[in-house]
Amino acid sequence: VPRGFFIIGGPLETDATISQLKDMIKRLPLADIHLSFYTPIPGSELYQIANQYGTFNNDWSKMHVYDLNFVPSGLTEEKLKKYRSDLYRSFYFRPRQLLRYFFLMLTPRRMKEIFTRGWAFLKLIGKKENS
């Protein structure tokens, strides 16, 4: 099953590059996608110069791809979180993807897994984050 793993919010990210990513994700023959936020990794060159490309919250407790700790110039934290939700929605709410999951649910052993993951997904894309 082909899966795509993508990072958004890199140093040179713009509205246009996220739009291009959205188009590319829809064209690729992927079954699933995962979207992470860019994180300047301690010890890397970009970690040393992250503030030159945007706002960097150098909080070690958020040094992972699930919290947003870097926002490139020209974008906002709210916008990046909205883009991530929109990218997930535009990928998973296409007829092809909905049909795929419908047929997977017809297999009893997969039904619980689909419902559990589906519920977690709906909570993620519907989450109103105040951080």
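1. Let's start with Arg100, which is partly exposed at a relative accessible area of 25%. Buried would need a value under 20% and exposed one over 50%, so the 25% of Arg100 falls in between. Do keep in mind as you read that this is a predicted model.

2. Which residue does Arg100 pair with? The partner is Asp32, and the closest N and O atoms of this salt bridge are 3.9 Å apart. Because Asp32 sits in strand 2 and Arg100 in helix 4, the pair ties together parts that are 68 residues apart in sequence. The cut-off for a salt bridge is 4 Å, so the 3.9 Å contact falls within it.

3. Asp32 has another salt bridge to look at, with the side chain of Arg3, at 3.6 Å from N to O. Here strand 2 supplies Asp32 and strand 1 supplies Arg3, so parts 29 residues apart in sequence are tied together.

4. Is Asp32 buried or exposed? Asp32 is buried, with a relative accessible area of 11%. Arg3, by contrast, counts as partly exposed, at 46% relative accessibility.

5. A further pair lies within helix 3: Asp86 and Arg89 are three residues apart there, about one turn of the helix. Their side chains meet in a salt bridge of 3.3 Å, N to O. Asp86 counts as partly exposed at 24% relative accessibility, and Arg89 does too, at 33%.

6. How many salt bridges does the structure hold? The count is six, and the pairs above are among them. As a general point, side chains of opposite charge can pair when their charged atoms come close.

7. Now for the largest pocket, which holds about 880 Å³ of space. The elements giving two or more residues to its lining are strand 1 (3–8), strand 2 (32–37), helix 3 (77–92), helix 4 (95–105) and helix 5 (108–126). Helix 5 gives the most, with 11 residues.

8. What lines this pocket? There are 31 lining residues, and Tyr92, Tyr101, Arg117, Gly118 and Phe121 lie nearest the centre. By type, the lining of the largest pocket divides into 20 nonpolar, four polar and seven charged residues.

Conventions
Residues numbered from 1 in each chain as written. Predicted model: local features only at pLDDT ≥ 70, side-chain atom pairs only at ≥ 80, totals over all residues. Heavy atoms only, no water. 1 Å grid on protein atoms, 1.4 Å probe; cavity = no way out; pocket = protein on both sides within 12 Å on 5 of 7 lines; lining within 4 Å. Points joined across faces, edges and corners; volume = space filled by probe spheres on them. Helix = DSSP H or I, 4+ residues; strand = E, 2+ residues; numbered from the N terminus. Nonpolar A, V, L, I, M, F, W, Y, C, P; charged D, E, K, R; others polar. Buried < 20%, exposed > 50% of the residue type's maximum accessible area, 1.4 Å probe, protein only.
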